[in-house]
Amino acid sequence: MAAKPVLYYFNGRGKMESIRWLLAAAGVEFEEVFLETREQYEKLLKSGILMFQQVPMVEIDGMKMVQTRAILSYIAAKYNLYGKDLKERALIDMYVGGTEDLMGFLLSYPFLSAEDQVKQRAFVVQKATSRYFPVYEKVLKDHGQDFLVGNRLSWADIHLLEAILMIEEKKSDALSGFPLLQAFKKRISSVPTIKKFLAPGSKRKPISDDVYVETVRKVLRMYYDLKPN
């Protein structure tokens with residue numbers, strides 16, 4: 001039996017959360033090593049396994065992979081979540097890229113002041129509902145299928161559901177003007193592996209709290225408002 005992937009990151013969402021989502025959706029069990037001290041991080045740096053001196057890092061199939069997009073692409077391809085041909089892969093890449101842009105607005109959110117969080121929340125919700133959600137609503141309307149690409153579950157669907165739930169944490173009725181996305185959310189959330197990941201007790205991380213923020217600041221020696229690597 002192949003060894004389980006091992007994820008090296010903080011005990012929180014950040015850039016690793018999308019990797020957790022994709023592995024879970026693929027039905028792959030994984031283990032995690034949480035960075036809690038500066039000494040742990042420096043040990044990884046000295047070992048040379050962090051190619052660009054940053055996390056996330058994932059041990060999988062004998063590799064020590066860094067760069068979030070590379071890790072996600074590998075997992076998607078390995079577990080048949082990356083389309084059936086180059087055209088489908090190109091569509092998936094475009095949709096994932098757009099969703100990444102939207103989710104990127106939230107990476108720094110836990111590290112902002114309370115005042116700036118209010119501003120950022122309004123900004124992100126506005127971007128989601130005026131720029132990104134309309135695109136996916138139109139995609140679903142134009143092809144009339146259950147999934148974004150090829151009428152089968154793909155990385156694009158998983159990533160979009162993650163983003164939708166993140167936006168709904170900031171504004172619960174963010175999908176009120178998007179009936180097809182509402183149905184999409186319900187449908188993708190019902191996929192057995194995803195439903196399991198969404199259930200209590202899974203390895204899905206909660207909204208980042210002060211403990212997560214302080215741990216990241218301590219390990220990376222960040223003492224100003226900045227998103228983690």
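Let's start at the interface of domain 1 and domain 2, where the rule finds three salt bridges. A salt bridge here means a side-chain nitrogen of Lys or Arg within 4 Å of a carboxyl oxygen of Asp or Glu. Take arginine 69: it forms a salt bridge with glutamate 100, and the closest N and O atoms are 3.0 Å apart.

Which elements give two or more residues to the side of domain 1 that touches domain 2? They are helix H1 (17-25), helix H3 (68-78) and helix H9 (210-220). Helices (H or I, at least four residues) and strands (E, at least two) are DSSP runs, numbered from the N terminus.

A quick word on the model. It is a predicted one, where local features need pLDDT of at least 70 and side-chain atom pairs count only at pLDDT 80 or more, while totals for chains, interfaces and linings use all residues. Residues are numbered from 1 along each chain as its sequence is written, and side-chain values use heavy atoms, with hydrogens and water left out.

So where are the two domains? Domain 1 covers 6-79 + 199-220 and domain 2 covers 86-190, with bounds from an automatic or database domain assignment. The contact, meaning heavy atoms within 4.5 Å, takes 20 residues from domain 1 and 17 residues from domain 2. Between them the domains bury about 1,500 Å², 67% of it on carbon and sulfur atoms. Buried area is the accessible area (1.4 Å probe) that two parts lose on being put together, summed over both. In domain 1, Ser18, Trp21 and Arg69 lose the most area to domain 2, together 34% of what that side buries.

Now look at the strands. Strands S1 (residues 6-9) and S3 (residues 57-60) run antiparallel, joined by three bridges; two strands pair if DSSP finds at least two bridges between them. Tyrosine 8 has methionine 57 of S3 as its bridge partner. S3 also runs antiparallel to S4 (residues 63-66), with four bridges, and there valine 58 stands opposite methionine 65. In the hairpin of S3 and S4, two residues lie between the strands, and aspartate 61 takes a positive phi near 55°.
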